[in-house]
Amino acid sequence: WALDNELAFRGHVVVWPGWSHLPKNLRTLENDEVALREAVNAHIDEALALTKGSGMIQWDLVNEPYDNHDLMDILGDDILIEWYNQVHAVDPFPRLILNEYNILSSGGLQDFQNDLDYYVSLLLSGGAPLGGIGMQCHFDANLTGIPRILEVLDRFSLHGLPIQITEFDI
């Protein structure tokens, strides 16, 4: 229906790398790095096989690595580079986003920003096909002031990537 009506759509999420968001059976592979890597790679291939050619314009490939880094703790941070390259090899069409929260919302939390900056820099320096930076904006009573939002956006614009609001609510 979306294709018939010329609607663009995006996917959320290919890998949410924290145990609480992963299939339960992956936790059984926690002490077997090879099997864990193979299982995640198989999941990526399966997800992309289902969506390749569907008109998907972008994917939040990795979501919320600040709080969800269990897979990176085991497989190393460079696994992110491998995942981005793997997805791009299967389907080069969608822009691949790294998505995080508390970057602009909640007053714009410095620890979250530093972590996102680290992962963006890691991906770019590793040659990963990172297509943009996703910033969730779940705003509540702790609204971030416009000057602070501009400061944060200016900081992340230095990476030369599109920045987008991937989730927005007030």
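**Figure 1. The largest nonpolar core and its most connected members.** Of the 43 residues in the largest nonpolar core of this predicted model, Trp83, Tyr84 and Leu98 touch the most other members; such a core is a set of buried Ala, Val, Leu, Ile, Met, Phe, Trp, Tyr and Cys residues joined through side-chain atoms within 4.5 Å, and buried means under 20% relative accessible area, exposed over 50%, and partly exposed in between, with a 1.4 Å probe and protein chains only. Not counting residues up to four places away in sequence, leucine 98 touches Val62, Pro65, Tyr84, Leu116, Tyr119, Val120, Leu123, Leu130, Gly132, Ile133 and Gly134, where contact means heavy atoms within 4.5 Å. This is a predicted model in which local features need pLDDT of at least 70 and side-chain atom pairs count only at pLDDT 80 or more, while totals for chains, interfaces and linings use all residues. Residues are numbered from 1 along each chain as its sequence is written, and side-chain values use heavy atoms, with hydrogens and water left out.

**Figure 2. The whole chain, as context for the close-up views.** The secondary structure comes to 5 helices and 5 strands, which run β-α-β-α-α-β-α-β-α-β from the N terminus on; helices (H or I, at least four residues) and strands (E, at least two) are DSSP runs, numbered from the N terminus. The radius of gyration is 16 Å, which agrees with the value near 15 Å that a compact globule of 170 residues would have; this radius is taken over C-alpha atoms, and the globule rule is 2.2 Å times the number of residues to the power 0.38. The C-alpha trace spans about 45 × 45 × 30 Å along its principal axes, and 46% of the 170 residues count as buried. Among contacts between residues at least 6 apart in sequence, 81% join residues at least 24 apart.

**Figure 3. Glutamine 58 in strand β2.** Glutamine 58 is found in strand β2, which covers residues 56-63, and counts as buried because its relative accessibility is 5%. Leaving aside neighbours within four places in sequence, glutamine 58 is in contact with Phe9, Arg10, Gly11, Pro94, Arg95, Ile97 and Gln164. Glutamine 58 and glycine 131 are 73 residues apart in sequence, and their C-alpha atoms are 8.5 Å apart in space.

**Figure 4. Two views of helix α1.** Threonine 51 is found in helix α1, residues 33-51, and with 14% relative accessibility this threonine counts as buried. Its contacts, with neighbours within four places in sequence left aside, are Met56, Trp59 and Asp91. Alanine 39 also lies in helix α1, but at 24% relative accessibility alanine 39 counts as partly exposed. Beyond residues up to four places away in sequence, alanine 39 touches Leu26 and Leu29; from alanine 39 to leucine 26 the separation is 13 residues in sequence and 7.4 Å in space, C-alpha to C-alpha.

**Figure 5. Glutamine 86 in helix α3.** Helix α3 (residues 79-90) holds glutamine 86, which counts as buried at 15% relative accessibility. When neighbours within four places in sequence are left aside, glutamine 86 is in contact with Asn41, Ile44 and Asp45.

Figure 6. Most residues other than glycine have a negative phi, and most peptide bonds are trans. A cis peptide bond, with omega about 15°, joins histidine 12 and valine 13, and valine 13 is found in strand β1, residues 9-15. Asparagine 102 lies in the loop between β3 (95-100) and α4 (110-125); although not a glycine, asparagine 102 has a positive phi of about 65°, and at 10% relative accessibility this asparagine counts as buried. Serine 106, likewise in the loop between β3 and α4, has a positive phi of about 55° although it is not a glycine.

**Figure 7. Leucine 153 in helix α5.** Leucine 153 has its place in helix α5, residues 146-157, and counts as partly exposed at 26% relative accessibility. With neighbours within four places in sequence left aside, leucine 153 is in contact with Leu104, Met135 and Ile163. Leucine 153 and leucine 3 are 150 residues apart in sequence, and the distance between their C-alpha atoms is 33 Å.
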